[in-house]
Amino acid sequence: MIKSKYNIIGVMSGTSLDGIDLAYISFDFDKSWKFSIHYTDTISYDNYWNEKLLKLVSLNQHELQRTDLAYTSYISKVINQFIYKYQIKVIDAICSHGHTALHQPDIGLTYQIGNLPKLAQLLKQQIVCDFRVQDVELGGQGAPLVPIGDRLLFSDYDYCINLGGFANVSFENNNERLAYDICPVNIVMNYYANQLGFDYDEDGNIAKSGHINFEVLDKLNALEFYKLDSPKSLGLEWVENYIFPILEVAKLSNEDSLRTFTEHIAIQVSSSIKPNSKVLFTGGGVYNTFLTDRIKGLNSFDLIIPSDEIIQYKEALIFGLLGVLKLRNDINCLSSVTGASHDHSSGKIFTYNT
């Protein structure tokens with residue numbers, strides 16, 4: 001049934017492995033979409049799941065299926081604990097991205113674990129999930145999916161940029177939404193911070209202490225991906241095949257690797273923005289003040305950082321919206337963004353059978 005108000009739990013797990021983001025949200029539709037975020041939480045991965053998720057790309061099919069089952073059970077417990085903690089009574093659907101195991105859209109492959117029908121039975125709730133597969137089947141990149149939410153919820157900004165595991169950008173161009181992945185961010189930065197015993201580089205202080213290796217920087221900036229037109233998207237496999245080899249062969253210190261890669265991010269992100277624009281920045285990377293200062297230092301624009309709630313939970317919020325749009329059979333995936341053959345309503349709906 002098409003309604004004007006929905007109470008949703010949005011669930012997101014990103015490639016930076018910061019944890020599982022959960023948000024309980026109300027969406028209201030009256031000519032345009034409005035939202036209210038009521039409760040949020042992030043559940044960090046323990047060492048077991050951190051190690052498991054880091055190695056997803058190396059698993060064979062049987063191992064991946066076993067991991068998918070285990071992760072589905074795990075994420076159901078995380079969501080149930082969230083519901084219990086906040087005593088949430090009214091839920092129209094739980095809208096979950098899952099966690100990306102494989103993403104190679106050029107060969108028609110994308111696989112997110114935690115999107116099994118079993119999730120509906122474990123949670124005793126309606127589930128909307130697996131948003132990427134249909135788009136890849138239609139010839140698209142299956143990413144990024146957030147831009148429909150940027151258009152419907154954050155239209156006041158010229159650009160929306162997310163600094164998460166990867167940086168991505170979304171903007172309107174001649175009444176058409178365009179978006180693409182810019183470059184890796186936390187998926188690389190956290191790796192080198194981990195080598196020094198830290199979960200992440202707080203405020204970019206470690207990077208600030210290092211030095212730029214300009215030869216390595218030139219090699220990073222010369223990668224073919226950056227010359228491609230959109231739509232285009234990135235995955236862990238690309239980072240392992242192209243980014244880490246350049247950094248590892250150079251045998252830089254962790255500090256110099258972080259400083260060099262920070263400059264790489266700043267160059268790629270700043271070059272994606274037209275000067276004098278109003279730009280919304282979200283994602284965990286915005287807390288790296290050294291990085292945001294370097295981005296601002298390379299371009300002249302109005303960099304806006306919203307509330308912590310939006311910074312941290314924008315993707316959970318928008319995947320909640322994607323689920324609502326799917327329930328209404330409204331378009332939630334834009335061909336101008338992903339390169340699919342046409343706009344469509346993507347995702348799978350699993351209902352709970354009593």
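**Backbone exceptions in a predicted model**

Q: What is the omega of the peptide bond that joins S230 and P231?
A: P231 sits in the loop between α8 (214-221) and α9 (236-249). The bond joining S230 and P231 is cis. Its omega is about 5 degrees.

Q: Is Q87 buried, partly exposed or exposed?
A: Q87 is found in the loop between α2 (61-85) and β4 (93-96). Although not a glycine, Q87 has a positive phi of about 50 degrees. Buried means under 20% relative accessible area and exposed means over 50%, with partly exposed in between. Because its relative accessibility is 43%, Q87 counts as partly exposed.

Q: Which class of accessibility does N276 have: buried or exposed?
A: The loop between α10 (254-270) and β11 (278-282) holds N276. The cut-off for exposed is over 50% relative accessible area. N276 has 67% relative accessibility, so N276 counts as exposed.

Q: What is the phi of N276?
A: Most residues other than glycine have a negative phi. N276 is not a glycine, yet its phi is positive. The value for N276 is about 65 degrees.

Definitions and conventions
Residues are numbered from 1 along each chain as its sequence is written. This is a predicted model: local features need pLDDT of at least 70, side-chain atom pairs count only at pLDDT 80 or more; totals for chains, interfaces and linings use all residues. Side-chain values use heavy atoms; hydrogens and water are left out. Helices (H or I, at least four residues) and strands (E, at least two) are DSSP runs, numbered from the N terminus. Buried means under 20% relative accessible area, exposed over 50%, partly exposed in between (1.4 Å probe, protein chains only).
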